Amino acid sequence: MCGRFALFTPLDQLAKMVGATVPEQKVKPRYNVAPGTWIAAVYQTSENEAPIIGEMWWGYRPRWASSTGNQPINARVETVATNAYFKSAFSKHRCLIPADGWYEWIKDSKPKQPHYICRKDRKPLCFAGIFAERDDGSLGCAIVTEPGRGSAAEVHDRMPLILDDDSLKHWLAPDITDRETIKQMVRHIDASLLEHWPVSTKVNKPAEGQSEELINPA
């Protein structure tokens, strides 16, 4: 799964990376982004317009769902295209969730031991996501996950679906709606690009702060 991540790369750099319009707002670095908060996301409303970097609620619940319905933060890549709750968004409303790295916890460790996972070259990551309009008119999203690969699998059996650079425009393209076409045009990054290390257990409690020290080796 992916339940916590860090984003500290400036949005103007991320905009250049994905060909998006540069947002006017400045976003503070966040080293412990938790579900149920507003996060930066990239999406494209028309094939004739550049992608947009905006805010989405990390929690996916479409307008048509009950206000008390499930609000998942992740969607499994194995079923996202066919699950009734997700398939419309997979076809028509795909987004990217930028991150510099994410956290996972070693199973059965006491206290729960978090690890920070990122690229060896420290370049930002683009998680595949889906989104939908919520009942209040805002947008909510979920991060697509896949089975753990490479060193990330040493920490957890699931990981975010991280797209390679050539796949970003295809994942965002609103005119590409066919499931098989999407699968053929999109690729995840080489798992050998990733590494991880143990970090402070302060990560376990987002309310304790957003300091950059959270990603330092413990």
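A residue counts as buried when its relative accessible area is under 20%. Keep that cut-off in mind. The model I am showing is a predicted one.

Start with Y60. Its relative accessibility is 2%, so Y60 counts as buried. Y85 has 17% relative accessibility, and therefore Y85 counts as buried too.

These two residues form an aromatic pair, with 5.6 Å from centre to centre and 80 degrees between the planes, which makes the pair edge-to-face. Where do Y60 and Y85 lie in the chain? Y60 is in the loop between β4 (52-58) and β5 (74-76), and Y85 is in the loop between β5 and α2, so the pair ties together parts that are 25 residues apart in sequence.

Y60 has another partner, F86, and this pair is tilted: the centres are 5.3 Å apart and the planes are at 50 degrees. F86 is in the loop between β5 and α2, and the pair links distant parts of the chain, 26 residues apart. Both Y60 and F86 are buried. For the overall count, the structure holds 13 aromatic pairs. Ring pairs also link F5, W58, W102 and F127 into a cluster.

Next, the cores. In soluble globular proteins, nonpolar side chains tend to be buried together. Here the largest nonpolar core has 60 residues. Which of them touch the most other members? They are F5, L96, I97, W102, F127, I130 and W171. Strand β9, residues 125-133, gives the most to this core, namely seven residues. Another core lies apart from it and has 11 residues, including Y31, W105, Y116 and V203.

The charged end of K112 sits over the ring of W105, 5.5 Å from its centre. The charged end of R94 sits over the ring of W171, at 5.6 Å from the centre.

About 50 Å³ of space lies in the largest cavity. Its lining includes R94 and W171, along with Q44, K92, H93 and F131, among others. The elements that give two or more residues to the lining are α2 (87-92) and α3 (168-172). By class, the lining has six nonpolar, three polar and two charged residues.

Definitions and conventions
Residues are numbered from 1 along each chain as its sequence is written. This is a predicted model: local features need pLDDT of at least 70, side-chain atom pairs count only at pLDDT 80 or more; totals for chains, interfaces and linings use all residues. Side-chain values use heavy atoms; hydrogens and water are left out. A nonpolar core is a set of buried Ala, Val, Leu, Ile, Met, Phe, Trp, Tyr and Cys residues joined through side-chain atoms within 4.5 Å. Buried means under 20% relative accessible area, exposed over 50%, partly exposed in between (1.4 Å probe, protein chains only). Helices (H or I, at least four residues) and strands (E, at least two) are DSSP runs, numbered from the N terminus. On a 1 Å grid over the protein atoms alone, a cavity is a set of points where a 1.4 Å probe fits but cannot get out, and a pocket is an open set with protein on both sides within 12 Å along at least five of seven lines; lining residues have an atom within 4 Å of a point. Grid points are joined across faces, edges and corners, and a volume is the space filled by probe spheres set on the points. Ala, Val, Leu, Ile, Met, Phe, Trp, Tyr, Cys and Pro count as nonpolar, Asp, Glu, Lys and Arg as charged, and the others, Gly among them, as polar. Rings of Phe, Tyr and Trp (its six-membered ring) pair if their centres lie within 6.5 Å; planes under 30 degrees apart count as stacked, over 60 as edge-to-face and the rest as tilted. A charge sits over a ring if NZ of Lys or CZ of Arg is within 6 Å of the ring centre and within 35 degrees of the ring normal.
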